[in-house]
Amino acid sequence: MADHPYVDALVDAGGADAARLLPRDELEDVLRRIVAEARSAWPGLEVDGARFIRHLAQHLPADAARLASLHAGDLYLACACVDGDRRALELFERCILDRVGGSLRRLDPAPTFVDDVKQLLREKLFIPAAGAAKIAHYRGTGALEGWVRIAAIRTGRNLLRSTRAGQPPSSDDSIAVGLAAAPDAELEYMRGRYASEFAEVFREVLAEQAARDKNVLRLYFVDGLRSGAIGKVYGVHAATVRRWIEKAREEMLAETRRRLAARLGLDGSELESLMMDIHSQLDLTLSRCLRVAPADAG
């Protein structure tokens with residue numbers, strides 16, 4: 001057996017650039033933890049570890065420090081669904097698809113409407129058309145349930161519009177590119193409506209971070225220092241700096257979510273959609289805010 005089978009699988013699948021960001025031994029340990037975490041999320045669902053890593057390689061974040069923020073279990077389930085695993089498809093139906101019914105019933109309470117939308121989603125997500133099944137586009141940066149819920153809402157609205165116009169449902173390629181593509185009108189509306197509230201909340205949350213965390217984030221996102229260089233400043237290992245950065249990012253996201261929910265009174269699907277958008281642009285937002293925020297001692 002190779003010394004670094006998961007690193008080798010990552011490189012073979014096109015993740016060579018990411019593999020160079022960490023020493024091979026350290027990266028192998030990170031990948032093993034990701035595989036273990038993913039498997040523990042779905043007991044009884046078996047996907048070959050190297051196969052999962054090759055799938056993960058297609059969705060690697062730009063920074064290896066963000067590997068820890070991946071929804072590994074959800075990505076693992078999606079990978080098994082891509083492979084047509086019967087157990088995975090059953091789990092997806094019961095644990096993911098069945099949970100979107102509440103959001104769909106707010107659009108139209110008719111049971112036939114909910115069933116029709118679910119069937120359209122099954123066809124879009126699991127039947128390959130000009131390439132891999134659309135579930136392969138899920139990147140693991142947000143919860144799979146949220147990703148599917150927003151796809152369901154889009155599909156449901158498209159179905160309602162088509163029904164009212166007396167036409168068959170139009171092709172909804174927004175699912176094909178996942179939710180990381182250009183935002184639709186709903187997301188643009190939410191961005192415009194809540195932009196000032198988000199900016200205010202995020203600045204509050206950032207200002208309340210510990211001085212060391214803000215300075216580390218500034219060194220990383222504004223000054224462009226690698227985690228190893230920052231580690232030398234603080235006398236710690238690069239891996240410790242990466243943990244600091246990831247912990248700060250996740251805590252800020254969680255607190256931003258909590259405050260936005262309290263302040264705006266959004267329902268679950270709207271909040272999930274907004275937070276996924278915020279998550280996708282978090283590093284850019286941090287960079288912009290830190291450029292104008294006063295430096296702290298620490």
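Is R226 buried or exposed? Select R226 and look: at 61% relative accessibility, R226 counts as exposed (exposed means over 50% relative accessible area, buried under 20%, and partly exposed in between, with a 1.4 Å probe and protein chains only). R226 sits in the loop between α11 (211-221) and α12 (227-234).

A quick word on what you're looking at: this is a predicted model, where local features need pLDDT of at least 70 and side-chain atom pairs count only at pLDDT 80 or more, while totals for chains, interfaces and linings use all residues. Residues are numbered from 1 along each chain as its sequence is written, and side-chain values use heavy atoms, leaving out hydrogens and water.

Next, select R242, in helix α13 (residues 238-264). R226 and R242 are 16 residues apart in sequence and 9.5 Å apart in space, C-alpha to C-alpha. R242 is buried, with a relative accessible area of 13%. Show its side chain and that of S227: the two make a polar contact at 3.0 Å (a pair of N or O atoms within 3.5 Å; within protein, one must be able to donate a hydrogen and the other to accept it, and residues adjacent in sequence count only if both atoms are side-chain atoms).

Now zoom out. The chain has 15 helices and 0 strands (DSSP runs numbered from the N terminus: H or I of at least four residues for helices, E of at least two for strands). Buried residues make up 49% of the 298 residues in the chain.

Select residues 24-41, which is helix α3.

α3 and α5 pack at an angle of about 75 degrees, with their axes 8 Å apart (axes are lines fitted to C-alpha atoms, for helices over the stretch in contact, and angles run from 0 to 180 degrees between N-to-C directions). That makes α3 roughly perpendicular to α5 (under 35 degrees is roughly parallel, over 145 roughly antiparallel, 65 to 115 roughly perpendicular, the rest oblique). Among the residues in contact are I34 and A38 of α3 and Y76 of α5 (contact means heavy atoms within 4.5 Å).

Last stop: helix α4 (residues 49-57), where F52 and I53 are among the buried residues.

Methods
Expected span 1.5 Å × (residues − 1).
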